[in-house]
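Have a look at it first, then read on.

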Number of protein chains: 6
Amino acid sequence: MGVVVQNIERADPAVVARLGACGVATVHEAQGRKGLLASYMRPIYRGARSAASAVTISAPPGDNWMLHVAIEQVRDGDILVLAPTSPCEDGYFGDLLATSAMARGCRGLIIDAGVRDVADLTQMGFPVWSKAIFAQGTVKETLGSVNVPVVCAGALVNPGDVIVADDDGVCVVARAEAEEVATKAEARVAAEEEKRQRLAAGELGLDIYKMRERLAEKGLKYI
Amino acid sequence: MGVVVQNIERADPAVVARLGACGVATVHEAQGRKGLLASYMRPIYRGARSAASAVTISAPPGDNWMLHVAIEQVRDGDILVLAPTSPCEDGYFGDLLATSAMARGCRGLIIDAGVRDVADLTQMGFPVWSKAIFAQGTVKETLGSVNVPVVCAGALVNPGDVIVADDDGVCVVARAEAEEVATKAEARVAAEEEKRQRLAAGELGLDIYKMRERLAEKGLKYI
Amino acid sequence: MGVVVQNIERADPAVVARLGACGVATVHEAQGRKGLLASYMRPIYRGARSAASAVTISAPPGDNWMLHVAIEQVRDGDILVLAPTSPCEDGYFGDLLATSAMARGCRGLIIDAGVRDVADLTQMGFPVWSKAIFAQGTVKETLGSVNVPVVCAGALVNPGDVIVADDDGVCVVARAEAEEVATKAEARVAAEEEKRQRLAAGELGLDIYKMRERLAEKGLKYI
Amino acid sequence: MGVVVQNIERADPAVVARLGACGVATVHEAQGRKGLLASYMRPIYRGARSAASAVTISAPPGDNWMLHVAIEQVRDGDILVLAPTSPCEDGYFGDLLATSAMARGCRGLIIDAGVRDVADLTQMGFPVWSKAIFAQGTVKETLGSVNVPVVCAGALVNPGDVIVADDDGVCVVARAEAEEVATKAEARVAAEEEKRQRLAAGELGLDIYKMRERLAEKGLKYI
Amino acid sequence: MGVVVQNIERADPAVVARLGACGVATVHEAQGRKGLLASYMRPIYRGARSAASAVTISAPPGDNWMLHVAIEQVRDGDILVLAPTSPCEDGYFGDLLATSAMARGCRGLIIDAGVRDVADLTQMGFPVWSKAIFAQGTVKETLGSVNVPVVCAGALVNPGDVIVADDDGVCVVARAEAEEVATKAEARVAAEEEKRQRLAAGELGLDIYKMRERLAEKGLKYI
Amino acid sequence: MGVVVQNIERADPAVVARLGACGVATVHEAQGRKGLLASYMRPIYRGARSAASAVTISAPPGDNWMLHVAIEQVRDGDILVLAPTSPCEDGYFGDLLATSAMARGCRGLIIDAGVRDVADLTQMGFPVWSKAIFAQGTVKETLGSVNVPVVCAGALVNPGDVIVADDDGVCVVARAEAEEVATKAEARVAAEEEKRQRLAAGELGLDIYKMRERLAEKGLKYI
């Protein structure tokens, strides 16, 4: 505790953008169905989307001091990822911190705790995915760390990892795998388009994916 | 497990429509306050409404194979009702399956688990009531059954039962009782209209429903 | 149980309005970070706001009789606050009760239980903050009390206390403290405006709030 | 609502005993992995075991009147199964009702709600599987039904079905299938004994169940 | 925040003992079914019982400083009641604090948060009712208050109120009402004894409580 | 997915034993208050204790195939740590697997899912810390991995890390830090002993830890 790592490597912004264009569900599939944060992490408004490089924060419960420290480390294209050291739903973050973060190019906040001023944040277009919306204030008494590995809502996030977030939730992609995942995700998008057209025309997945034989082998009975 | 019932009886579409017009709260009351699914079953977008005949699915946790099987059984005016065999919030269903289901006239999905691609589903106008929004992918390895009785979110649903769903949640009406319930529900709607006008004019429920005497008998004291 | 207190003191409407203009997060901070109801109390539609004087209801689980009794006690500028005597998520309140309450000038409902007809309530603009949206009907068999102190969603609410509610949740302010809290809250709003401008201009909270020295004293290390 | 079915068919006591001897996990497997009540249904003391014929109760939230009605219907070898009509954790049942139930040969209680006087019940050896331990009292104002089909903790229970309950939870077996399930369960117990000995001797499940080839086919890599 | 009230009035120890002898369920009934803490408050070991006078603590999340302050205020026959100012399950209390509290005659701890060292506490016979068992450590940075009114697990507790706790949970009795409640509770215990004997002899509650006529009036049908 | 790492480094058994002797709460403190698994991870019986080297398992929901694979990798002094790839409470593990694991020297199981046959496991003295007790059976259809890093109940566990578990829950210590943490933990135990004696003698923590001055500086008021 009490460490701020200042020089982290970030993913290539072009790769981040490609991942963002594919969306959470596709990226998660493309990297082998891993990296999803827990389903309780919900956007504060519908239609929120973000893809960015993680600046991570490990913070004590009910203490938002490290958010101020972290914002100094934010560069354009980063997203804040806060994991409390024990379960907490206090409102660590509100419109003033969002104003400061936006001024530095921050693309949003992923927080396994609470957020407040959500009407203002919505109007500002500052996206947040959180465990709770809760006005409870926090103190500034105890150190945490910035840009260390954290487990956020069940997923390991290293500083500089890519965060993709949309209405389906939040997914983390390891920086070293980002380009490969982006390529696979784009391939999935392309492949899905052809299937979507066939399905829309009334063709069945049972036939497109050739499932009938295997279902029969497993013993499926039609009665 | 491993059974697909192909010929199920469905409710009269006209009756289904009448129930849908009354809405969940009224239909639930009209049938004696039964048939509601648990309150955690929420629509993926506000304003979603559906009334349709149930095609039921019993599926293993994290395995969406039976959804492909079930879609072949869907006819125009049906709704899919999926109950996992143990608690699960994985994303069994997304935009490709929705495209396929819509092509067959499916009116929506009730799923005691997760759903994904909710931004797409919202844009497509395909309504889903689910326990979670979660991008987690599923496998296709283990059989389940289609059109067998299931307990979904605490309510027994038989294939061909009528599902009514709106912003208040989801209600199931037994096929055999559907017409009678529709008639009672419509009577409630009519009766409520007169009361709404009296209440809007400032008359009190205490007087309209003649509650004062019984409250006094029970011992209510005004101080 | 079984008591209706008819003459309660209410807060000054001008003070109530001042608190409402400041919003939940600011009011909560201004009174020393107390008074918040639990984070599970959510508005049935986004953008709902209310500030009003509490008419409290203690009601048995699954029994909404006392709501009818309470509505008679409502004056223009009041808000209903219902706490069940044991945990319950039944739908105590719907469009008919809302019609009646609105006719008497009621500004909304805070209910540590369920509500139904939310599509209608949204259209009517009648704001509700609740623990659940659930169509489950209730009975009228057992007495409760009106205008007695209640614990609602973890917060003590006395009749005549000020309720402030918005997208961030619900906060209660003791009637006797309302004016002082309003003054402090307005001071916070004013002070925040200057900070917002500095933060928007790129100045850091670390500098504005002079945190660097204290962080160093606590042992924060930059690496 | 408001119905008491007096003449129900019960399962053969010998079959019930055979199922009880096999235990919940084995019975659940023997009937195709169905019939389990939700995992939140826990025994009030460890080591509780019961196998009996269900007398079902559908009761309003916070109202235990029907328990008195149901006890009259209990015969030696029965177990009470109570499902509230909406979620509730009130203490419907305590030592007086247990005394009465035991006097009639009742073998326990399965309740998707709360129970109280658990120290007394433990001393009496009256087993209860419940969702909560909670002293909250209930009223006697509203009718429910006895010996109608209920959904209890996610499982459909018909009157006369066999309930098997132990430290692993609760399982229901349809009366008509009880004998067949008992036979299959006993076969599983016998088969397991041989495997237990081989496993205890250090042989691996991979070899006993011949899993290695199929794992390799699926692509498992040892590194 | 930041206040320690040193001179509080306590209930008569004889009355406290009488309430403790009656137990949680009976006391709760005797005072009109109020005063129960939420059902998630569970004893760390079975058979724990306590009846004592409350020393209350309002503490920040994850900060146990005030426990040290509160222990100085404890007299023989007191019990600590801690409510965090926002939801938290950290382990505020362990064997060292228990050693200190026991040395001052403390009869236990009621904490709407976590506790640790439960094996030691069990061996010491120091009873705790808590929301969680969790080893997570806490800091000593932020003030709270001692002997102010708190809402603990949904119940209002004033310093000097009587706490009764056993395997059924926790109940608070207002100091001013303690003697009257004790008398009523003892009357209930006496009355129950006669009923217990009649029920044990096989008489039905339906007859003892003369319920048959009222059930028939309400429309109960035997079929 | 689909990888089994066979040669992992394990911690020194002597160090593991030293950590185990200190217990979860002390070890967690000694390593800077990190490494705790979520509080919902509870032992299936009280008094369970284990300290061992982790063999990790990443498994699909409802599929326990990899447990069979993992048991082959177990050496004397290891403990199994299973994390499902999405939330699940199925009963992955029962008495047969425990028999097999014990035959290979396994010291227990940490599972962020369900376990069954808990009466047998208790009798066998095979300790399990789990999220649920649930008899629900699982399939053997989909690969997972063994001895890869997993996030289990919110904590990162690498193969070969030290697991310490007791009635307070579960803590993970990184293999590389194990010796240093053991030394610090033992120092804490020694230091606590002296404090325990002073506290037992009635000395106050306020004095032993010299808190009075700092409390006064922060503004604590005694009234």
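1. Ground rules. This is a predicted model, where local features need pLDDT of at least 70, side-chain atom pairs count only at pLDDT 80 or more, and totals for chains, interfaces and linings use all residues. Residues are numbered from 1 along each chain as its sequence is written, chains are lettered from A and ligands numbered from 1 in the order in which they are written, and side-chain values use heavy atoms, with hydrogens and water left out.

2. Chain A, overall. You'll find 8 helices and 12 strands here, taken as DSSP runs (helices H or I, at least four residues; strands E, at least two) and numbered from the N terminus. Along the principal axes, the C-alpha atoms fill a box of roughly 65 × 35 × 35 Å.

3. Of the 223 residues in chain A, 64% are buried, meaning under 20% relative accessible area with a 1.4 Å probe, protein chains only. Among chain A contacts (heavy atoms within 4.5 Å) with a separation of 6 or more, 76% join residues 24 or more positions apart.

4. Surface. The accessible surface of chain A is about 7700 Å², and carbon and sulfur atoms contribute 50% of that. The areas are Shrake-Rupley values with a 1.4 Å probe.

5. Charges. Chain A carries 24 positive and 29 negative charges, with mean positions 6 Å apart. Lys and Arg count as positive, Asp and Glu as negative, while His and the chain ends are not counted. Each charge is placed at NZ of Lys, CZ of Arg, CG of Asp or CD of Glu.

6. Helix H6 of chain F. H6(F) covers residues 178-200, and its 23 residues reach 32 Å from first C-alpha to last, close to the 33 Å expected at 1.5 Å a residue. That expectation is 1.5 Å times one less than the number of residues. Its buried residues include Ala178(F), Glu192(F) and Leu199(F). What do the buried residues of H6(F) pack against? Their partners include helix H4 (95-103) of chain E, plus helix H1 (13-22) and strand E10 (162-166) of chain F. Just after H6(F), Gly202(F) has a positive phi of about 105°.

Definitions and conventions:
Buried means under 20% relative accessible area, exposed over 50%, partly exposed in between (1.4 Å probe, protein chains only).
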